[in-house]
Amino acid sequence: MSDIILEALRNSKTIAVVGLSSKRYRPSFGVSQYLQRAGYRVIPVNPNETEVLGEKAYARLEDIPSGIKIDVVDIFRRSDEVAPVVESAIKIGARYVWMQEGVVDENAAQRARDAGLGVVMDHCMLKEHQRRR
């Protein structure tokens, strides 16, 4: 597992954060702010937002313009909401699916792997980046 984590962190530039909220107290905001400061481009995916952290928000992964290549789809959703996000990640050609701490869906993870995506599950991207930099 740690090899895929390191690979995802090192080989990625643009991260679509599904469930990113503009509410500063939400974990998705703090993690995304950290990732942005660490040099990643963070694209918010949340139908209830128009802009977060200076980036235009999109309702769905499929709404992100094709000129923006998404490397990682970072999922801040409940485990039972992961499968359709993984299908969208496959559709847009993402390279990795990252399920945050506490987010686990083995079937969706296997679907992503079968489609050629790297999968990280039940790990915090911020913590893993801090641990490995």
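Me: Which helix gives the most to the lining of the largest pocket?
Reply: H3 does, with three residues, a helix being a DSSP run of H or I with at least four residues and a strand a run of E with at least two, numbered from the N terminus. This is a predicted model, in which local features need pLDDT of at least 70 and side-chain atom pairs count only at pLDDT 80 or more, whereas totals for chains, interfaces and linings use all residues. Residues are numbered from 1 along each chain as its sequence is written, and side-chain values use heavy atoms, with hydrogens and water left out.

Me: What counts as a pocket here?
Reply: On a 1 Å grid over the protein atoms alone, a pocket is an open set of points where a 1.4 Å probe fits, with protein on both sides within 12 Å along at least five of seven lines, and lining residues have an atom within 4 Å of a point.

Me: Which residues lie nearest the centre of the largest pocket?
Reply: Val18, Gly19, Asn46, Phe76 and Arg77 do, out of 26 lining residues. Helix H2 (27-37) and helix H3 (82-92) each supply at least two residues of that lining.

Me: Switching to H3 and H4, how do their axes cross?
Reply: The axes of H3 and helix H4 (residues 106-114), lines fitted to C-alpha atoms over the stretch in contact, come within 9 Å and cross at roughly 10°. H3 is therefore roughly parallel to H4, since angles between N-to-C directions run from 0 to 180 degrees and those under 35 count as roughly parallel.

Me: And which residues meet there?
Reply: From H3, Val82, Ala83, Val86, Glu87 and Ile90 meet Ala108, Arg111 and Ala112 of H4, where contact means heavy atoms within 4.5 Å.

Me: Back to H2, which of its residues are buried?
Reply: Ser28, Phe29, Val31, Ser32, Gln33, Tyr34 and Leu35 are the buried residues of H2, meaning under 20% relative accessible area with a 1.4 Å probe and protein chains only. These buried residues pack against strands S1 (14-18), S2 (41-45), S3 (51-52) and S5 (72-75), and also against helix H5 (125-132). H2 is followed by glycine 39, whose phi is positive, near 110°.

Me: Is histidine 129 buried or exposed?
Reply: Histidine 129, which is found in helix H5, is buried, with a relative accessible area of 13%.

Me: What does histidine 129 touch?
Reply: Leaving aside residues up to four places away in sequence, histidine 129 touches Leu9, Tyr34, Ala38 and Tyr40. Its C-alpha atom and that of asparagine 107, 22 residues apart along the chain, are separated by 26 Å.

Terms used:
Buried means under 20% relative accessible area, exposed over 50%, partly exposed in between (1.4 Å probe, protein chains only). Angles under 35 degrees count as roughly parallel, over 145 as roughly antiparallel, 65 to 115 as roughly perpendicular and the rest as oblique.
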